[in-house]
Amino acid sequence: MGSSGSGRRALGRLLQARQGAPYLFPLLLVLLVLGAGWWLRDATPRLAGAVADPDTQVRAALARQGSLHLSDVYGFDAGGTLELAPVRFGDLAITVDGERARVVAMVEGEGVIDWRRGRIRVGYIGRERFSMTPCDLGGWCADGRQLDELRRVLPLLFRRIDAFNARDAAAYGRLVGEGYRGAGGKAAVLAQLARDFGPGPAATLTVTAWQLRVEPGRVVVGEDERVRVGEGPETSLRARLELKEESGRWVIVDGLR
């Protein structure tokens, strides 16, 4: 009797399980559909990018890029970092050759340089040349050279600060172009430096901001600075320097006082 009763109970549980299965399967199906929907929502931009033409993919990748970083901006492995955010890439010219896209773009950004003497605010606009290659599903990544022109300019500006504060007329003079356009040319600049760095209280130059526009063969720099003579009060000044290339390097050709 006991054996017969346990058999009936086991049969009942089996029947209940068979009856519940039709309800369990639709529930699992709904969960799978919902999960697939969430995945598609996140993946759709990548999937769309994967089937777009390379030119469109490169433009989309640049539109998504919100910041740029440069290390060792002081030069000579002495450190200093630049963070630009936000950044924008405009006036794009893109040439795709197989797995490489060559890009010419006007890069605009705002940010800050951190270096051993403090912080300098930076505003930048310049025409840069760099390459991009496929790096993930429908995405393209740059080669790390998106600010190469700016990287070449910044060390000159730092050398000028150093030479001024060290009262080193020879080092300062090496930064001035042979074709300096100011009154009296380079000779007049060097003569003024000799007077400024001669006997008397030393002047200290502190730069708080640079606004840079880099063009082919020409750079214009707006510089916000503070100058202190000896123990006197600081004076806020505004300089406008112009740089040009001479013998493959940037030099100052106008704007020195």
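Mentor: Contact here means that heavy atoms lie within 4.5 Å. The model is predicted, so local features need pLDDT of at least 70 and side-chain atom pairs count only at pLDDT 80 or more, while totals for chains, interfaces and linings use all residues. Residues are numbered from 1 along each chain as its sequence is written, and side-chain values use heavy atoms, with hydrogens and water left out.

Trainee: Which residues does Arg117 touch, not counting residues up to four places away in sequence?

Mentor: Arg117 touches Ile161, Asp162 and Asn165. Arg117 itself sits in the loop between β3 (100-115) and β4 (118-136). Helices (H or I, at least four residues) and strands (E, at least two) are DSSP runs, numbered from the N terminus.

Trainee: What makes Arg117 buried, exposed or partly exposed?

Mentor: Buried means under 20% relative accessible area, exposed over 50%, and partly exposed in between (1.4 Å probe, protein chains only). Arg117 has 44% relative accessibility, so Arg117 counts as partly exposed.

Trainee: Why is the contact of Arg152 with Glu245 called a salt bridge?

Mentor: The rule asks for a side-chain nitrogen of Lys or Arg within 4 Å of a carboxyl oxygen of Asp or Glu. For Arg152 and Glu245 the closest N and O atoms are 2.6 Å apart, and the pair forms a salt bridge. Arg152 lies in helix α3 and Glu245 in strand β8, so the pair ties together parts that are 93 residues apart in sequence.

Trainee: How many salt bridges does this rule give?

Mentor: The count comes to 19.

Trainee: How do you know which partners Arg181 has, Glu242 and Asp254 included?

Mentor: The closest N and O atoms are 2.8 Å apart for Arg181 and Glu242, and 3.9 Å apart for Arg181 and Asp254. Both pairs form salt bridges. Arg181, Arg213, Glu215, Arg218, Glu242 and Asp254 are linked in a network of salt bridges.

Trainee: What makes Glu242 buried or exposed?

Mentor: Glu242 has 9% relative accessibility, so Glu242 counts as buried. Arg181 is partly exposed, because its relative accessible area is 43%.
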